[in-house]
Amino acid sequence: MSNLVVTYGIKPKEMVQEALAAIDAASTINSNDQIGIKPNLVVDKPSALGATTSVKVVAGIIEYLHKAGCHNIVVLESSSIAHSTARAFSVCGYDKLATHYDVKLIDLKKDKTGTVTAAGLNLSLCQTALELDYLINVPVLKSHCQTGLTCALKNLKGCIPDREKRRFHSLGLHRPIAALNAALKTSLVVVDGMCGDLTFEEGGNPVSMNRIIVGFDPVLVDTYAAELIGLDPNSIEYINLAEQFGVGSANLKKAEIIELGVDKRPPLETLASPLARQLSKYIDARSACSICYGSLIHALARLKEDHLQSRLPEKIKIGQGFRGRKGNGIGVGACTAAISSNLPGCPPKAKAIVEFLRPHCGIKVL
Ligand code: SF4
């Protein structure tokens, strides 16, 4: 059995089934298994914007499972902090998918939770995810403004409650993400590499990549994905930690990788955008949630269009590390409420941040 299968083309439903057949996924599933499909619906935006898993990819998985005699299937997700999973299910086409294929959608924000200890951390996980026999992790291949990459390992963050997501950020993200993957085993990864965002995890800068990547080992998949978009996997701490915690192997040299439809492979010369890295020099982030940090990056990108960001008198403070800390400066989000000039909100919207920051750049608000 090969370790990774990559298919290229423009028909995701067919490509997924081709890749799953090539890796012989059916041989690893029992027909009476309770199967959970975990897409990435971090926000309520259509997959064409680069942030969310295409419903066509999930349709391909369900059709493959049905042909293999597997019918106990649920689709489960908890969208990002302050975003409605129900709305994401609707906007992204999952409501119609559920009706068409008779599968259940589970909003994990409403789920019970259980505690699991892994890699020395007590983790709170959604109960439905814990009770699955077979978890199919279906991330989007994207960049992340804090961790560099978001793919299979980070996608499991949608299987924890919102309060635990906040705690993950306060713990620096990498270690808890790796521990989460030790606590909750991914059985199969199907990466939606059709259209991703190589700047932010929330989409808006879509890049057509026209590929599906399938594997059983999320560490190997993420290592491959990082290299694909021009990142050094060794620089992504949660990949290294997940390997240390026994989640999988980052050794691509030993992996057998099969590529299908290589004549349809698009060039990937313009991948990782340096914009988020450039803008991060205007930010003093301490344990900031991704959703908050991403909004600030978006706001700075808007200010950059008017060449205003360089007029900021100092770095913008953001994140849970500023909670209760009094001081002078500019703070974004509820966590920096004690900073002299503060924009409230948890998280504040990018538009509100732009309006808040303009006066700090010397622009009079009429
Ligand atoms: S204000 Fe921002 S950093 Fe603080 S908890 Fe809310 S989302 Fe997270």
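Which residue takes a positive phi just after α2? In this predicted model, in which residues are numbered from 1 along each chain as its sequence is written, local features need pLDDT of at least 70, side-chain atom pairs count only at pLDDT 80 or more, and totals for chains, interfaces and linings use all residues. Side-chain values use heavy atoms, with hydrogens and water left out. The residue is G69, whose phi is about 85 degrees.

Helix α2 itself, comprising residues 55–67, has 13 residues and reaches 18 Å from its first C-alpha to its last, close to the 18 Å expected at 1.5 Å a residue (the expected span being 1.5 Å times one less than the number of residues). Helices (H or I, at least four residues) and strands (E, at least two) are DSSP runs, numbered from the N terminus. The N-terminal end of α2 is capped by S54, a side-chain oxygen of which lies 3.0 Å from the backbone nitrogen of K56. Within α2, the buried residues are V57, V58, A59, G60, I61, I62, E63, Y64 and L65, where buried means under 20% relative accessible area, exposed over 50% and partly exposed in between, with a 1.4 Å probe and protein chains only. In the loop between β2 (35–39) and α2 lies A48, which counts as exposed because its relative accessibility is 55%. The C-alpha atoms of A48 and N205 are separated by 9.7 Å, although the two residues are 157 residues apart along the chain.

Helix α12 (290–305) has 16 residues and reaches 22 Å from its first C-alpha to its last, close to the 22 Å expected at 1.5 Å a residue. Because 13 of the 16 residues of α12 are buried, this helix is largely enclosed by the rest of the structure. Just after α12, H307 takes a positive phi of about 55 degrees. In the loop between β13 (283–285) and α12 is S287, a residue other than glycine with a positive phi near 55 degrees; at 27% relative accessibility, S287 counts as partly exposed. Another non-glycine residue with a positive phi is L173, for which the value is near 70 degrees. The place of L173 is in the loop between α7 (162–170) and α8 (174–183), and L173 is buried, with a relative accessible area of 3%.

Helix α9 (residues 218–228) contains L228, which is buried at a relative accessible area of 18%.

The space taken by the ligand is the second largest cavity, a cavity being a set of points, on a 1 Å grid over the protein atoms alone, where a 1.4 Å probe fits but cannot get out. P347 lies in the loop between β16 (339–343) and α13 (350–357).

Methods
On a 1 Å grid over the protein atoms alone, a cavity is a set of points where a 1.4 Å probe fits but cannot get out, and a pocket is an open set with protein on both sides within 12 Å along at least five of seven lines; lining residues have an atom within 4 Å of a point. A molecule sits in a cavity or pocket if more than half of its atoms lie within 2 Å of its grid points. A polar contact is a pair of N or O atoms within 3.5 Å; within protein, one must be able to donate a hydrogen and the other to accept it, and residues adjacent in sequence count only if both atoms are side-chain atoms.
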